[in-house]
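Visitor: I'd like to learn how to read pockets in a model like this one. Could you walk me through it?

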Amino acid sequence: MDVGCGLGDSTLAMAQALPKALVVGVDCDPYSVATAQSRAASKNLSNVRFICCSVEAMEKRDEWHQGFDLVLAYDVVHDMGRPREGLSAMIQVLSSQGFVLWSEPKGHSDPLLNRNPRSRFAASLSPYHCLTVSLAQQDGAGLGNMIGEDGARELAELAGCTQFEKVVPQKGERQLWYLVR
């Protein structure tokens, strides 16, 4: 499952790379989901589905009772109005062997520790997009995109995660965390 799949880029890439797997993209924006569905049809992909709903609503769907082996949360948790509940729902839809791969921009929750140019730039964008997207939702948390490892670890624990591991990418400006139920 690809949470916050938007127009489906990452979902479609997974569906193409894993032709025997069912790949599900979830987004709460109807325009994005319709566009992603159209893009999947134009590529003749039969192993991908796009659903317009929140990740919390996915947790309640009976059709996913076996769970997902992978839930991808790429640059989306910090935009959620209720990130703890969203992350908790991701953990709840996992199969017994499943895991969440969660990615956020590289940075720290303490602004004084974001000294490299990339982190400063990402932090400067947060008030204009990430915070406003989150705060515009009912009871929005306004997490912002500079959650950092400490903040992610705390949020994962509050969401019911029993295992939290940092994944160190070979290159790039992302933070990655591996979570299991």
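Guide: Let's take confidence to begin with, then the pockets.

Visitor: What is the mean pLDDT of the protein chain?

Guide: This is a predicted model, and pLDDT is the predictor's confidence in each residue. Here the chain averages 91, with 100% of its residues at 70 or more.

Visitor: On to the pockets. What volume does the largest pocket have?

Guide: About 610 Å³.

Visitor: And which residues lie nearest its centre?

Guide: Look for Gly4, Asp27, Cys28, Val76 and Asp79, out of 24 lining residues. Next, see which elements the lining draws on: strand E1 (2–3), strand E2 (23–27), helix H3 (55–59) and strand E4 (68–74) each supply at least two residues.

Visitor: How does the lining of the largest pocket split by class?

Guide: It has eleven nonpolar, six polar and seven charged residues.

Visitor: How much space lies in the second largest pocket?

Guide: Roughly speaking, about 340 Å³. It is lined by 15 residues, and Met1, Leu22, Gly67, Phe68 and Asp69 are the closest to its centre.

Visitor: Which element gives the most to that lining?

Guide: E4, with three residues. By class, the lining of the second largest pocket comprises nine nonpolar, four polar and two charged residues.

Key
Residues are numbered from 1 along each chain as its sequence is written. This is a predicted model: local features need pLDDT of at least 70, side-chain atom pairs count only at pLDDT 80 or more; totals for chains, interfaces and linings use all residues. Side-chain values use heavy atoms; hydrogens and water are left out. On a 1 Å grid over the protein atoms alone, a cavity is a set of points where a 1.4 Å probe fits but cannot get out, and a pocket is an open set with protein on both sides within 12 Å along at least five of seven lines; lining residues have an atom within 4 Å of a point. Grid points are joined across faces, edges and corners, and a volume is the space filled by probe spheres set on the points. Helices (H or I, at least four residues) and strands (E, at least two) are DSSP runs, numbered from the N terminus. Ala, Val, Leu, Ile, Met, Phe, Trp, Tyr, Cys and Pro count as nonpolar, Asp, Glu, Lys and Arg as charged, and the others, Gly among them, as polar. pLDDT is the predictor's confidence in each residue, from 0 to 100.
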